[in-house]
Amino acid sequence: MQIELTVNGRKVILEKEPTERLLDVLRHDLALTGVKEGCGEGECGACSVLLNGRLVNSCLVPLIRAHQGMVVTIEGLQGTRELQVLQDAYADAGAVQCGFCTPGFIMASYALLKENPRPDREAIREGLSGNLCRCTGYNMIIDAVALAAERGKDLW
Ligand code: FES
Ligand code: FES
């Protein structure tokens, strides 16, 4: 089937099975390797992307669901102030260790702050509840998002 979608602002047309996972197409066909595969079962959030403005686990999304849709991956945030503020906040709060989970957390943080620019710690915890990190304490990740909210007051 011919699938059309917009990925990071670029129109993409692919001849693919509609049941193929969005995650595989992003990583293998489009070389967007900031999208990670962790569990492959919707549990870890490493594969988080925005689909039509909503945070999704791309390992659970059949390609047909993205047909005519808009996908944004972490690569699509390159060069934005939002990404800079988030990256700096994660680094300054000590919220990155091996870094495997970080793109997914950044995407979830971005989606959260766009929806709720002034989240309290409970709202941050809830907003990031679909993302797992095996190395860093969650408190530091929550600190990072609180810092990004504070520093990016005019952004979100
Ligand atoms: S790889 Fe998709 S949620 Fe874990
Ligand atoms: S920093 Fe290693 S899994 Fe999160």
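Predicted model: local features only at pLDDT ≥ 70, side-chain atom pairs only at ≥ 80, totals over all residues.
1. Two strands are taken to pair if DSSP finds at least two bridges between them. β3 and β5 run antiparallel and are joined by two bridges. Within this pairing, Leu 50 has Val 72 of β5 as its bridge partner.

2. On its other pairing, β3 (48-51) is joined to strand β4, residues 54-57, in the antiparallel sense, with four bridges. Leu 51 is placed opposite Arg 54 of β4. Two residues lie between the strands of this hairpin, and Asn 52 adopts a positive phi near 50 degrees there.

3. The side chains of β3 deserve a separate remark. In a regular strand, side chains alternate between the two faces of the sheet. Ser 48 and Leu 50 point one way, Val 49 and Leu 51 point the other way, and all are buried.

4. Helix α1 spans residues 22-29, and its buried residues are Leu 22, Leu 23, Asp 24, Val 25 and Leu 26. Against which elements do the buried residues of α1 pack? They pack against the strands β1 (2-7), β2 (10-15), β3 (48-51) and β5 (70-72), and also against α2 (63-66). Just after α1, a positive phi of about 55 degrees is found at Ala 31.

5. The largest nonpolar core holds 30 residues, of which Leu 86, Tyr 90, Leu 128 and Trp 156 touch the most other members. Two or more residues are contributed to this core by each of α3 (81-92), α4 (102-115) and α6 (138-151). The largest share, eight residues, comes from α4. Another core lies apart from this one; it has 21 residues, including Val 12, Cys 47, Val 56 and Cys 59. In soluble globular proteins, nonpolar side chains tend to be buried together.

6. With neighbours within four places in sequence set aside, Tyr 90 is in contact with Ala 95, Val 96, Thr 102, Phe 105, Ile 106, Ser 109, Leu 128, Ile 141, Ala 144 and Val 145.

7. The crossing of α4 past α6 is right-handed. On the α4 side, Phe 105, Ser 109, Leu 112 and Leu 113 take part, meeting Tyr 138, Ile 141, Val 145, Ala 148 and Ala 149 of α6.

Technical notes
Residues numbered from 1 in each chain as written. Chains lettered and ligands numbered in written order. Heavy atoms only, no water. Core = buried A, V, L, I, M, F, W, Y, C linked by side-chain atoms within 4.5 Å. Buried < 20%, exposed > 50% of the residue type's maximum accessible area, 1.4 Å probe, protein only. Contact = heavy atoms within 4.5 Å. Left-handed = near helix turned anticlockwise from the far one by under 90°.
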